Amino acid sequence: MNEKDKLTLFKEILLTDEREFAEKISIRIEQIEKTINEQKKLSKKVDPIITERLNEYTRSIPETLGSTITETLKKEIKNSRNEVVDALYPILGKMIKKYISQEIKVLSAKINDRLNWKKRFKNSIRTKNNASPKHLIPTKIEQVLLIEQESGILIGSYSNKLTIDEEMISGMLTAIKSFVEDAYLKKQQHLELIEYELFKIHIQSFMTHYIAVVISGNYHPSSKDKLQNMIFDFYEEFTKTSIIETKSLNKKLASYFSNAEI
């Protein structure tokens with residue numbers, strides 16, 4: 001074997017692995033191109049199978065995971081009981097109030113149907129003639145305080161004029177409220193109204209907070225009904241948005257109560 005033949009043989013030995021490697025790469029590229037070109041055909045076959053599996057899984061969730069989900073929800077509600085009650089209280093409160101209000105309207109309509117219209121007319125004239133000037137005083141919201149239930153800390157407030165220290169007022173109200181509820185052993189019931197000369201303080205209690213509204217003028221049942229609806233509406237939004245910053249909370253209180261008519 002001459003030198004030329006030896007060199008040729010040496011090259012073949014060295015380049016064999018590279019040729020095999022290049023052939024493997026070429027085969028792999030062809031497979032990838034084939035897969036890409038046939039992707040649409042593959043999707044038509046695979047997509048229905050995936051959809052069917054997903055539908056089967058969805059239908060089986062109540063049986064396979066129902067008890068687990070229910071148990072998890074129970075634990076979460078138990079651990080976050082105060083938050084759940086705060087979220088539901090305004091909604092349930094309005095539902096109960098609407099139901100009671102509707103029942104009273106029905107009862108009132110039945111009674112009015114049985115009364116003689118002349119007697120109703122005479123009674124209305126007599127009531128107007130005997131009305132005292134106090135009944136002519138318009139009902140007005142003077143101040144609103146949002147207070148933390150346990151600590152008595154003032155969270156937010158609205159007032160249509162300057163008053164004494166609002167934090168001192170909130171502390172006094174919390175002390176009075178706690179004293180009355182403890183004195184009569186009515187922890188599940190809450191103080192609702194405080195009267196002070198020409199003013200009345202309506203207190204609406206929730207699980208973690210309570211709202212005190214200072215009112216001047218004649219505070220009659222219809223005024224109370226309107227005020228409670230306003231309080232429920234505000235507190236429902238308060239629990240949903242979780243407003244923390246004091247200035248924003250005060251603005252929100254003002255938007256609900258500053259121009260309110262009760």
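1. Contact here means heavy atoms within 4.5 Å. Setting aside neighbours within four places in sequence, Val 213 is in contact with Ile 141, Gln 143, Val 144, Lys 200, Ile 201, His 202, Leu 227 and Ile 231. This is a predicted model, in which local features need pLDDT of at least 70 and side-chain atom pairs count only at pLDDT 80 or more, while totals for chains, interfaces and linings use all residues. Residues are numbered from 1 along each chain as its sequence is written, and side-chain values use heavy atoms, with hydrogens and water left out.

2. Val 213 is also among the members of the largest nonpolar core that touch the most other members, and this core has 21 residues. A nonpolar core is a set of buried Ala, Val, Leu, Ile, Met, Phe, Trp, Tyr and Cys residues joined through side-chain atoms within 4.5 Å; buried means under 20% relative accessible area, exposed over 50%, and partly exposed in between (1.4 Å probe, protein chains only). Strands S1 and S5 and helices H7 and H8 each give two or more residues to this core. Helix H7 supplies the largest share, seven residues. Helices (H or I, at least four residues) and strands (E, at least two) are DSSP runs, numbered from the N terminus.

3. Glu 236 is buried at 14% relative accessibility, whereas Lys 240 is exposed at 63%.

4. Lys 252 and Glu 237 form a salt bridge at 3.0 Å, N to O. Lys 252 lies in helix H8 and Glu 237 in helix H7, so the pair ties together parts 15 residues apart in sequence.

Notes:
Salt bridge = Lys/Arg side-chain N within 4 Å of Asp/Glu carboxyl O.
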